[in-house]
Amino acid sequence: MAEWNAYYRNEDEEEEQEEGEQSGGDYKITGRDSLVFLVDASKEMFIKGEDGQPSNFDMTMQVVRSVYTSKIISSHRDLMALVFFGTEQSKNPRNSFKHVYVYHDLDEPGAKRVQDVEALRGGKGAQLAAETMGSGETSLGDALWCCANLYSDIKLRLSHKRLMIFTCRDEPHGGNSTKDRQARTKAGDLKETGVVIDLMHLMKPGGFDVSLFFCDIVSPPEDESELGLQLEPCNKLEDLQKRVRAKEQKKRAMARLKLCLGEGINVAVGIYATAVTARKPGAIRLYRETNEPVRSKTRTFHTQTGSLLLPSEIKKAQVYGRKKIVMEKDEVDAIKKFYDPGLLLIGFKPMEKLKVQHHIRPAVFLYPEEDEVKGSACLFSALLTKCSERNVFALCRYISRRNYPPRFVALVPQKEEVDEGKVQITPPGFNVIFLPYADDIRTLDAPQCPVASQTSVDKMKEIVSKLRFKYRSDAFENPVIQQHYRNLEALALDLMAPEEIDDLIMPKVDQIDNRLGPLVQDFKDLVYPADYNPETKPAAKRKTANTGGGAEKKPKVEVSEDELKAHVQNGTMAKLTVPALKEACKHFGIRTTGTKKQELIDALIGHLGS
């Protein structure tokens, strides 16, 4: 029998739960995300910008390639498609629609698709597009109808469907009212089936007026945090990438819970992870002859009879006082359950009561879920406004999922911020700060160190003030992960060499030296002695005569028989180290079949008990 707490995950693993899944509530997102790029292929899209700026078509292809590669890394199971409208040639299922060219069907992104999009970039890409598709008449209604057929042909369950239109023409039909009406009707049909239509309009001479046609085509924002229709067109690649990145992926909640403000007053909220540690994906085992992934299975057998054990035949136990306390999983669940999942408001505290040392793990973000409980957004907004005005945080009891212990959290208000392009930088809501229990707080004795002189402190203050800069975590990429994916990309796309990365965490020595000037040498003269050289290695310590110059041997770990019996009687054998248990087995002449700690303890208990 193994210890029954092996049934359960560690609390620190909570944030590693799969996105969109909530085992403690009634809501669970299933299915895949899907995204269709609907790109204008008219002649206006291929006109290059001023001062050597890339054409709108080239910028669009760069963005499509960027999204393809990011999807391969972050969520390779999502479906993506690339469709051109306003082409001379036609290519679509059953060739039902003229001037619509389906370049990529709705499917998972792969290396071949990235190479196809890469071939459409630059001057050669424009030439290839002209030879393959050309530019012809435009019927946005037929293009939307074709995209609707792409969605209807998919038999998989889709959790989110989005369509992005890239164009630089505010009147794609040139004032043809029949085609305009057909496009509006088809856009309405798509929106009724759950497809979200976004417009990524690009710069053109004279400006882009969305009110002429596209204001009736695009979908309204899904909630207050969702970006609506942007009035200003994109004239830079960075602006276009920022807008696409803000809309390309549905924001999935880690959990959907109820925030209880009082008896009978509940607000539906979603828990979102604002930052998740990026890790390199694990290696996949392949069968060497067919290069296909292999799956491993584990079976448990009886040690004496060798018979296969079913899950119902396996019990978990905890040793206490030389006895194995066997408990069923349901019994342990009942012991560990405190309350149902959710947030319970306890009270309010001034913001100055929240200290830096209270942040014991990454915070999560709280946002209302109007679809779950009507009126949640209104009440949540009122609570957020009052907490911001009075500079207080809400103290709550938080239980994330069933059979999880309660935590005290601080709900810190956060106001909405937007940049010059009206793109949201930070959404409105509460940051959930996990607070420590009394057992988590430790008192440390500060080390006794020599006190620096005030002159040295002032000189170091000058150095620190010279080296200050505004830190942003999103400005620094992990060089190890970036290099890993560059290598994979080079292998998948048959590149000659991986793209070089710029390691942004390396210090810029020349820039630091220019900023500081003579301050460093002045500080060294104040602190270090005149003959001090930090480059020289310290002298090696001489060995004493009685050591003999040989390698130091580890002392034997011996435990007397009386001490062992006392440990057995008190049920504290687990406190002994593995070397001590091995030495005890060797002393008593006990042969063990394994070297695991529990096996050594069982062997000693069996010997001493007999």
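**Notebook: a walk through the predicted model**

I began with confidence: pLDDT stays under 50 over residues 1-29, and for this stretch the model has 68 contacts beyond four places in sequence. For the chain, I noted a mean pLDDT of 81, with 86% of residues reaching 70 or more.

**Entry on helix α5**

Next I turned to α5, residues 177-192.

Then I asked which residues of α5 are buried. They are Asp-180, Ala-183, Lys-186, Ala-187 and Leu-190. These residues cover an arc of only 135° around the axis, so they lie on the same side of α5. The spacing made sense to me, because an α-helix has 3.6 residues a turn and residues three or four places apart point the same way. Looking to the other side of α5, I found Arg-181 and Glu-192 exposed.

What do the buried residues of α5 pack against? I listed α4 (140-152), β4 (158-167) and β5 (195-201).

I also checked both ends of α5. At its start, a side-chain oxygen of Asn-176 comes to within 3.1 Å of the backbone nitrogen of Thr-178. After α5 comes Gly-194, and I noted its positive phi, near 95°.

**Entry on the strands**

I followed β10 (residues 342-350) to its partners. With β6 (residues 255-262), the pairing is parallel, over 2 bridges. Here I found Cys-260 opposite Leu-344 of β10. With β12 (residues 392-399), β10 pairs in the antiparallel sense, over 8 bridges. On that side, Pro-350 stands opposite Val-392 in β12.

**Entry on Ala-278**

Last, I looked up Ala-278. Where does Ala-278 sit? I placed it in the loop between β7 (265-272) and β8 (316-320). Is Ala-278 buried or exposed? Its relative accessible area is 54%, and because exposed means over 50%, I wrote Ala-278 down as exposed.

Conventions
Residues are numbered from 1 along each chain as its sequence is written. This is a predicted model: local features need pLDDT of at least 70, side-chain atom pairs count only at pLDDT 80 or more; totals for chains, interfaces and linings use all residues. Side-chain values use heavy atoms; hydrogens and water are left out. Helices (H or I, at least four residues) and strands (E, at least two) are DSSP runs, numbered from the N terminus. Buried means under 20% relative accessible area, exposed over 50%, partly exposed in between (1.4 Å probe, protein chains only). The arc is that of the directions from the helix axis to the C-beta atoms. Contact means heavy atoms within 4.5 Å. A polar contact is a pair of N or O atoms within 3.5 Å; within protein, one must be able to donate a hydrogen and the other to accept it, and residues adjacent in sequence count only if both atoms are side-chain atoms. Two strands pair if DSSP finds at least two bridges between them. pLDDT is the predictor's confidence in each residue, from 0 to 100.
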